[in-house]
Amino acid sequence: MTMKPIRVLIAKPGLDGHDRGALIIAQALRDHGMEVIYTGLRQSAVQIARAAIQEDVDVVGLSSLSGAHKSLFPKVVEALENENAADIPVIGGGVIPAEDIPYLEEHGVKKIFTSGSPTDAIAVYIKQLFEGQAIESPKKIAHIGIAVESIDLSLPFYQHTLGLSLEAVEEVESEQVKVAFLKIGETMFELLEPLSESSPIQSFLTKKGPGVHHIALEVDDIHKRLEQYQSQGIKLIHETPKDGAHDSQIAFLHPKAANGVLFELSQPKE
Amino acid sequence: MTKPYDELKQEWEKDVEMTTQRFPERKEAFQTSSELPINRIYTPDQGNASYEEKIGFPGQYPYTRGIQPTMYRSRYWTMRQYAGFGSAEETNERFRYLLDQGQTGLSVAFDLPTQIGYDSDDPMADGEVGKVGVAIDSLHDMEQLFDQIPLDKVSTSMTINAPASILLAMYIAVGEKQGVSPAQLTGTIQNDILKEYIARGTYIYPPKPSMRLITDIFAYCQENLPKFNTISISGYHIREAGSTAVQEVAFTIANGMAYVDAAIEAGLEVDQFAPRLAFFFNAHNQFFEEAAKFRAARRMWASIMKDHYGAQNPKSWKLRFHTQTGGSTLTAQQPDNNIVRVTLQALAAVMGGTQSLHTNSRDEALALPTEESARIALRTQQIIANESGVADTIDPLGGSYYVEALTDQIEQEANAYIERIQQIGGAVQAVEEGFMQREIHAAAYEAQKRMESNEDIVVGLNEYQVEEEIHADLLRVDEALEKSQIEKTKHVRETRDQPAVDESLRKLREAAQLNQNVMPHIVEAVKVYATVGEIANVLRDEFGEYTGM
């Protein structure tokens, strides 16, 4: 962690003259303690890259509302590469349809904030980028959780029909469930059977019947990750880790934060 | 027997005290988007304005209730949807579709290179060709744009500012090819450069020569296009940049005064050009404040033209305006909700007595509108006109204690701003000093903070959210368009009479240097297919370029 303020270049590439958003972001980042340089309108990719280097900024933020982002944003990334400044991350915003985001990310734009993004989320993201706290990809899928009425009655399908081998069966007191692990490649199936009426698995079964319940992602930074998620306002079921099977540390994200999918973070015992 | 007024009021005040002790009101203080305080109730004893002096009848000074004696009882407002994207052929198709659907005027959106005086093959145009409007390089494109649209039958509004003279010249030339004389042409060019420096960004030249181009147009049109609106003094973009309703009115009228000053200085008679000045306002969500804003603007302009400039012709006093609903109020989230926002905004514009109206499409926070969305937007106006009955009496909000009080308040606050701008030395000076830009930015930032703290609720954005699928049904401008447009213009350059082009550009340069009206020379140049970029470049050479603050 450094005490030097983060320096940000906010730039308007192309001919678009709408700078309300750019100006608001610039001011909001200043309010977050950053030093912000605003280029003004109609900057070419090369001008932006040179300004970024001259001003010694840590990150470049691009804004475009004219629909030219697909051609303009990657050019700024390219210009930074040509000036040997590919280490300066480029983020962007404006009127950008969600379906264009993968293209922009493939072309080196680190992150796109679309219309309606709170300025706080942008500031938090930049802070994390610069403080080396950018979110790392989870290690792997730790397991896929499947809710069942009875482990005993379900096991034959997994063992005999699929030919998987049973790794372990244990009871997780805190969740009132009995779990069975079946290894598949480098991941596992976790069969979940409720131990009582108060088990969350029981209410899942009552509401939706047996089936896929959650996906667990293996991480090695569960505490830090939860803090980051919280500061970004991402909805969580568990704000701090709790004990899971195999002495792991686990926490669930709220499905509302993940388009209806229930994700578990799981950090195995050291 | 009914109790006397004072007794009733006292009883009510007592009731209020009791009630609020048990059930506090939703907020401690209520205010409009312009931070004007809103009272709990407005009553007859608050208005001390004289009806004859401040309100009057429609079609009578100071026009608070409207500029025509019968307003929408004679004819509805002009339904004028702004459209344009991609190539001239595509836009021509959309125009003819909209006319078929009952639209009554055209409104052309140009792409950014055209608006900033670059041809499609200019390196500066890279990636922007046809994106936010139609790409026009030469008269050839303009001929395609208005193909089979008789210019003596439609009125056309063109959102063009720094190169307004060039596009107007092309419109004149297309008209002549159709056998329509310039005197028959009706429509509007935006031609409002001051708000480009303040809020919209499509300037080319510095303020002084830009003001001269504008007065050249005034003078030329007075002679040749007497039915054409020579400028549309625009608060719309000021509001979109984040101003309050009060700032929108104040800065627009201050800009209007700067144009009147410039024209008088150029030797024009106020009553000759003032009747052709038009205005363009925004309509946001706060229904009463918006309706009151239009009423206040009309009254202010009437008094300024009559008393400050001594205009004699009542046509010079009348503030005629176009309204567009507020693009920045639309949300990308739950886009169908935007139809409801647009309805409220359109209704406010009609209550405010607008002469023409553009209603935004629900998907404009995501992309340019699809044909279906554009149709719903037009239908919204048609429903207000034909089904709601609001157009059947004039100024139905007139006499509302609240609306009259708000009209007065907006007028007062806006006049205070105008005085400050006059003290700075007028709008041109205030723009150069960045005064309006700073005021707008401060208001925009405050509004953003109010929204992020959930003090202001935007439905679907910071409250009442739902999980949504990615909206896939968006209008996309074909990426191949840029290339084909460049080819088209290349072909025009290869097949035109080059010596005639060179000669016309030489004459234009001379006129610019000698301070003669450039307009006739631009008309000659476009007729021999000189391009937008070539003409703008001649003027760039002579006038220089504006590079921002």
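This is a predicted model: local features need pLDDT of at least 70, side-chain atom pairs count only at pLDDT 80 or more; totals for chains, interfaces and linings use all residues.

Visitor: What makes E6(A) and strand E9 (residues 187-194) of chain A a pair, and in which direction do they run?

Guide: Two strands pair if there are at least two bridges between them, and E6(A) is joined to E9(A) by four bridges, so the two count as paired; they run parallel. Within this pairing, A:Ile144 has A:Phe189 in E9(A) as its bridge partner.

Visitor: Why are strand E2 (35-38) and strand E5 (111-114) of chain A called edge strands?

Guide: Five strands of chain A form an open sheet with parallel pairing, in the order E2-E1-E3-E4-E5. E2(A) and E5(A) are its edge strands, and each pairs on one side only. On average, neighbouring strands of this sheet are turned by 20° against each other, direction ignored.

Visitor: Which residues of helix H2 (residues 45-54) of chain A are buried, and what puts them on the same side?

Guide: The buried residues of H2(A) are A:Ala45, A:Ile48, A:Ala49 and A:Ala52. Because they cover an arc of only 100° around the axis, they lie on the same side of H2(A). The buried residues of H2(A) pack against strand E1 (7-11), strand E3 (59-64) and helix H3 (69-82) of chain A. Just after H2(A), A:Asp56 takes a positive phi of about 55°.

Visitor: Why is chain A described as more spread out than a compact globule?

Guide: Chain A has eight helices and 13 strands. For its 270 residues the globule rule gives 18 Å, whereas the radius of gyration of chain A is 23 Å, well over that value, and therefore chain A is more spread out than a compact globule. Its C-alpha atoms fill a box of roughly 70 × 35 × 35 Å along the principal axes, and buried residues make up 39% of the chain.

Visitor: How do you know whether chain B agrees or disagrees with the globule rule?

Guide: A compact globule of 549 residues would have a radius of gyration near 24 Å, and chain B has 24 Å, so the value for chain B agrees. Chain B has 22 helices and ten strands, and 51% of its residues count as buried.

Visitor: What makes up the side of chain B that touches chain A?

Guide: In chain B, 32 residues are in contact with 30 residues of chain A. Helix H4 (112-115) and helix H18 (435-452) of chain B each supply at least two residues of that side, and H18(B) gives the most, with five residues. By class, the side of chain B that touches chain A has 17 nonpolar, nine polar and six charged residues.

How values were computed
Residues are numbered from 1 along each chain as its sequence is written. Chains are lettered from A and ligands numbered from 1 in the order in which they are written. Two residues are in contact if their C-beta atoms, placed from the backbone, lie within 7 Å. Ala, Val, Leu, Ile, Met, Phe, Trp, Tyr, Cys and Pro count as nonpolar, Asp, Glu, Lys and Arg as charged, and the others, Gly among them, as polar. A residue is buried if 20 or more other C-beta atoms lie within 10 Å of its own, exposed if 12 or fewer, and partly exposed in between; C-beta atoms are placed from the backbone. The arc is that of the directions from the helix axis to the C-beta atoms. Axes are lines fitted to C-alpha atoms, for helices over the stretch in contact, and angles run from 0 to 180 degrees between N-to-C directions. The radius of gyration is taken over C-alpha atoms; the globule rule is 2.2 Å times the number of residues to the power 0.38.
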